[in-house]
There are 2 protein chains.
Amino acid sequence: MDLVQIGREAKAAARHLARLSRAEKDAALLALADALMAHQDAILAANAADLEAARAAGTNAALLDRMLLTPARLAAIAADTRSVADLPDPVGEIFDSAELPNGLRLHKRRTPIGVIGVIYEARPNVTVDIAALCLKAGSAAILRGGSDIRQSVAAITSAMSSALSQCGLPAAAVQSLTDPDRELVRGLLRLDQYVDMIIPRGGGGLHRFCLENSTIPVITGGIGVCHIFADASADLERAVPLIFNAKVQRPSVCNALDTLLVQREVAADLLPRVAAALCPAGVELRCDAESLAILAAAPGAESWKVVPATPDDFGTEFMALILSIRVVDGLDMALDHIAAYGTHSDAILTSDAAAADRFVREVDSAAVFVNASTRFNDGGQFGLGAEVAVSTQKLHARGPMGLKELTTYKWVALGDYSVRA
Amino acid sequence: MDLVQIGREAKAAARHLARLSRAEKDAALLALADALMAHQDAILAANAADLEAARAAGTNAALLDRMLLTPARLAAIAADTRSVADLPDPVGEIFDSAELPNGLRLHKRRTPIGVIGVIYEARPNVTVDIAALCLKAGSAAILRGGSDIRQSVAAITSAMSSALSQCGLPAAAVQSLTDPDRELVRGLLRLDQYVDMIIPRGGGGLHRFCLENSTIPVITGGIGVCHIFADASADLERAVPLIFNAKVQRPSVCNALDTLLVQREVAADLLPRVAAALCPAGVELRCDAESLAILAAAPGAESWKVVPATPDDFGTEFMALILSIRVVDGLDMALDHIAAYGTHSDAILTSDAAAADRFVREVDSAAVFVNASTRFNDGGQFGLGAEVAVSTQKLHARGPMGLKELTTYKWVALGDYSVRA
């Protein structure tokens with residue numbers, strides 16, 4: 001595969017996409033959804049071949065399930081694509097209008113990013129999700145899925161290309177790098193002449209690889225250590241189901257709780273209730289000395305999995321039914337702890353308005369919660385309609401990224417043959 | 001110099017700065033300006049030593065002038081610092097408030113970036129300019145000036161540190177890497193554990209070096225090929241002084257005109273007027289075959305410097321009194337030309353509203369002008385009050401970056417012990 005050719009065609013396609021009306025883009029999205037259904041047999045056959053190869057290579061059951069497409073899953077992906085058509089089009093929005101003393105009429109105009117490179121792992125659905133969002137936001141996409149779903153990606157991309165061509169759009173609006181050559185990834189990351197943004201969708205290793213090797217801006221995210229701090233004024237009765245929700249509802253995602261900080265005054269009251277709720281759901285508690293002593297002495301302790309925390313248990317994203325617990329003196333110590341490890345989603349449980357206000361001001365994470373579960377840090381929950389990624393870096397966009405965060409802007413200045421004095 | 005130590009201290013200082021009120025930051029800015037004056041002798045002596053070394057090394061006069069500090073220049077730098085205190089504080093602004101169906105009250109809160117690394121060349125004033133803007137925006141700065149102004153930077157930084165300490169702020173809020181070891185630059189670019197953003201201030205080589213070597217997001221900018229397209233409906237009388245302004249007012253800056261595109265119908269009328277105005281100011285015209293033929297036959301041509309353009313003359317930022325000229329069929333050909341080479345500032349001169357509208361929609365550059373000089377692409381001219389850089393990349397900020405563009409945001413969600421369904 002000739003990356004320069006791919007980049008050049010993507011850039012030309014992006015120029016085309018940038019000029020489309022909302023109606024034209026929405027029609028293409030519906031055609032894309034229809035094409036997935038029309039090509040269902042080919043896509044499922046390709047997916048079956050990927051799975052067979054993965055099974056033969058000894059891939060574990062969880063990964064195999066992530067790779068698997070079924071008629072129902074494909075229908076759900078098509079439905080998601082149709083729902084992107086219902087979202088408002090961010091492109092063309094005019095904002096920050098001003099009349100300047102120099103006589104210029106100035107505004108900003110929201111524009112597509114251009115060409116977006118996406119590197120992801122063994123989730124075939126990402127191929128469609130990202131292509132649909134990029135299309136709606138007026139950008140061309142160059143996709144690189146994990147090599148274990150190569151045949152699925154090729155079949156899906158082929159279906160999408162035929163839909164784009166039917167609608168009179170350039171097929172290069174969505175291209176996939178399906179050649180197994182791993183150097184292609186490195187090459188994509190250096191294609192800065194054509195590609196404007198890289199979105200990695202995967203684990204920490206993938207993000208690090210992109211940061212190390214890319215000359216294109218990289219949106220890092222989807223990784224983070226999430227904290228809840230229960231202060232002495234928290235409603236302990238209501239705190240327990242919230243902590244349960246944050247840890248147990250979906251432990252494998254980035255907004256799941258990793259560390260519970262408890263103010264000393266309420267530790268002996270709160271922690272046994274937390275253990276009694278979470279441990280029966282299979283949660284292992286990794287405790288500092290103080291919380292360990294409290295839990296070891298609590299009634300019911302014999303049935304809980306409670307172990308001493310090592311220093312590494314603080315600042316670790318578990319992605320599993322594991323929770324680290326630390327007793328703190330108060331807000332200052334909680335803020336210090338979160339300053340050391342937090343970046344993603346951090347919450348305070350409190351009835352003290354001043355404490356809530358300080359927490360909100362001082363915690364420097366993508367999302368800060370007061371009396372709410374960290375699980376809300378999500379594009380759908382935050383009303384964005386769709387989510388491209390959850391950014392934990394500070395530039396461009398932070399937290400959930402929707403369609404608007406897939407755009408940029410240009411300045412437009414209207415004059416009357418105006419010259420600078 | 002221990003970069004990890006510097007990074008760690010900068011991050012701790014950033015946490016301190018993020019909590020300051022506007023009044024505290026403004027007081028520090030005034031103290032900083034006063035300190036520059038109080039340390040004037042030491043700063044000028046250090047600058048004289050830098051200049052002497054540079055002179056001995058055969059540095060050219062233009063560069064020596066850029067390096068030079070005088071009492072008047074230092075006073076102007078101090079005045080600029082005071083004027084940053086007058087600008088509104090972007091930190092803490094609340095925006096995008098919403099009540100969500102899930103019961104959360106959501107908003108975004110503008111926050112400092114954190115730690116900003118700035119790499120610049122032989123301009124001692126940048127040391128203060130950037131430190132002042134970072135301070136006002138609540139971020140710590142790690143500065144690396146060109147090695148030829150090392151002693152000036154050290155003296156300025158020492159003055160600023162003493163002012164910060166006087167105000168009770170951490171001296172690590174502004175640190176400079178004055179050790180001549182060039183590996184420090186490479187090290188700074190990989191200090192992603194502590195540094196959130198890199199701003200290069202210099203030529204294309206520096207920007208490229210940062211892109212190639214940084215694991216931290218880099219704001220690239222300050223470089224660009226600027227175009228003016230005069231269509232057949234343009235007011236030719238008024239077009240000439242505008243083109244003169246764009247090319248001649250300050251040819252060495254990034255928003256100066258590089259290429260003039262003229263629609264064929266008016267080329268024979270407009271181009272001789274352009275030559276008659278620009279050539280006496282010392283401008284060399286590099287012309288495609290068609291414009292060359294027109295100008296060669298024009299009265300007065302013998303006194304103009306008009307030469308055939310090579311392909312490289314299109315897509316080149318001249319930074320000098322050189323203008324390339326191309327005759328085009330019309331708007332489509334102008335848009336194709338600008339799509340190939342434009343990124344920074346591009347203008348149309350026209351009386352045709354439909355052409356202006358298409359130009360504004362389709363030109364994908366940081367700033368697009370209608371009947372206005374490209375020279376307006378500037379933070380001061382656009383009403384930002386101060387300018388950190390002019391970004392030509394598409395992420396985070398595009399075009400002039402002021403204080404607001406030196407910030408990020410966090411999401412804040414207030415609930416009532418809310419859990420995700």
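This is a predicted model: local features need pLDDT of at least 70, side-chain atom pairs count only at pLDDT 80 or more; totals for chains, interfaces and linings use all residues.
For the complex, the predictor reports an ipTM of 0.94 and a pTM of 0.94. Residues are numbered from 1 along each chain as its sequence is written, chains are lettered from A and ligands numbered from 1 in the order in which they are written, and side-chain values use heavy atoms, with hydrogens and water left out.

The contact (heavy atoms within 4.5 Å) involves 82 residues from chain A and 82 residues from chain B. About 6,900 Å² is buried between chain A and chain B, 48% of it on carbon and sulfur atoms; buried area is the accessible area (1.4 Å probe) that two parts lose on being put together, summed over both. On the side of chain A, the most area is lost to chain B by W411(A), Y417(A) and R420(A), which together account for 15% of what that side buries.

Across the interface, 53 residue pairs are in polar contact, both residues being at pLDDT 80 or more. A polar contact is a pair of N or O atoms within 3.5 Å; within protein, one must be able to donate a hydrogen and the other to accept it, and residues adjacent in sequence count only if both atoms are side-chain atoms. The largest share of the side of chain A that touches chain B, 11 residues, is supplied by β16(A). Strands (E, at least two residues) are DSSP runs, numbered from the N terminus. β16(A) also pairs with β13 (residues 367-372) of chain B, in the parallel sense and over five bridges, where pairing requires that DSSP find at least two bridges between the strands. Within this pairing, A413(A) has F369(B) as its bridge partner.

The side chains of R238(A) and D416(B) form a salt bridge at 3.1 Å, N to O.

Notes. A salt bridge is a side-chain nitrogen of Lys or Arg within 4 Å of a carboxyl oxygen of Asp or Glu. Helices (H or I, at least four residues) and strands (E, at least two) are DSSP runs, numbered from the N terminus.
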